[in-house]
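Trainee: I'd like to learn how to read a model like this one. Can we go through it feature by feature?

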Amino acid sequence: MQPVDSHLFLIVGAALFSIGLAVVLLKRHAIVVLMGIELMLNAVNINLVAFSQYDPDRLQGQMLALFVMVIAAAESAVALAIVLQVYRHFRTAQLDELNELKQ
């Protein structure tokens, strides 16, 4: 099995991060925005693992990627609970329609 060039990982990471950023900036549904944030975190994980090959003696990149996954899981649980409570109160998950906190 031949090793894959690291620049391909970086291209995939950049593409995932760009897609996630576009989703966060363009979409207005709270769940879709959370999915965009998760895409960006996964892109960071790919880059961490890709760059960790330059230091094969240590597992810092893989360990940091594992830490990011744990934090992302906790962030998703808290964010989904907040979205659920917002939906129960306002009967919408559209971020543009939630303007009561602005006043």
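Mentor: Let's begin with a term: buried means under 20% relative accessible area, exposed over 50%, and partly exposed in between, with a 1.4 Å probe and protein chains only. Keep in mind that this is a predicted model, where local features need pLDDT of at least 70, side-chain atom pairs count only at pLDDT 80 or more, and totals for chains, interfaces and linings use all residues. Residues are numbered from 1 along each chain as its sequence is written, and side-chain values use heavy atoms, with hydrogens and water left out.

Trainee: Which residues are buried in α3?

Mentor: In α3 they are Gly-61, Ala-65, Val-68, Ala-72, Ala-79 and Val-83. Helices here are DSSP runs of H or I with at least four residues, strands are E runs with at least two, and both are numbered from the N terminus. The buried residues of α3 pack against α2, where contact means heavy atoms within 4.5 Å.

Trainee: And what do the buried residues of α2 pack against?

Mentor: They pack against α1 and α3. Asn-45 is one of the buried residues of α2. We call Asn-45 buried because its relative accessible area is 8%. Leaving aside residues up to four places away in sequence, Asn-45 touches Ala-65, Val-68 and Met-69.

Trainee: How do I check the length of a helix?

Mentor: Take 1.5 Å times one less than its number of residues; that's the expected span. The 23 residues of α2 should span 33 Å, and its end C-alpha atoms are 33 Å apart, so the two agree. α3, with 31 residues, reaches 44 Å from first C-alpha to last, close to the expected 45 Å. Just after α3, Arg-91 takes a positive phi of about 60°.

Trainee: What pattern does the protein follow along the sequence?

Mentor: It reads α-α-α, with three helices and zero strands. The radius of gyration of the protein is 17 Å, well over the 13 Å that the globule rule gives for 103 residues, so the protein is more spread out than a compact globule. That radius is taken over C-alpha atoms, and the rule is 2.2 Å times the number of residues to the power 0.38. The C-alpha atoms fill a box of roughly 55 × 25 × 25 Å along the principal axes, and buried residues make up 21% of the 103 residues.

Trainee: How many salt bridges does the structure hold?

Mentor: First, the idea: side chains of opposite charge can pair when their charged atoms come close. The cut-off is a side-chain nitrogen of Lys or Arg within 4 Å of a carboxyl oxygen of Asp or Glu. The structure holds one. Asp-96 pairs with Arg-28, their closest N and O atoms being 3.5 Å apart. This pair links distant parts of the chain, 68 residues apart: Asp-96 sits in the segment after α3 (60–90), and Arg-28 in the loop between α1 and α2.

Trainee: Which residues form the nonpolar patch on the surface?

Mentor: Patch residues have over 30% relative accessible area and no salt bridge; like charges are joined within 9 Å, and nonpolar side chains (Val, Leu, Ile, Met, Phe, Trp, Tyr) within 5 Å. Here they are Phe-17, Leu-21, Leu-25, Leu-26 and Val-44, with about 460 Å² of accessible area together. Such areas come from the Shrake-Rupley method with a 1.4 Å probe, and for residues only the protein chains shown count as cover. Helix α1 (residues 6–26) gives the most, with four residues. Leu-26 counts as exposed because its relative accessible area is 66%.
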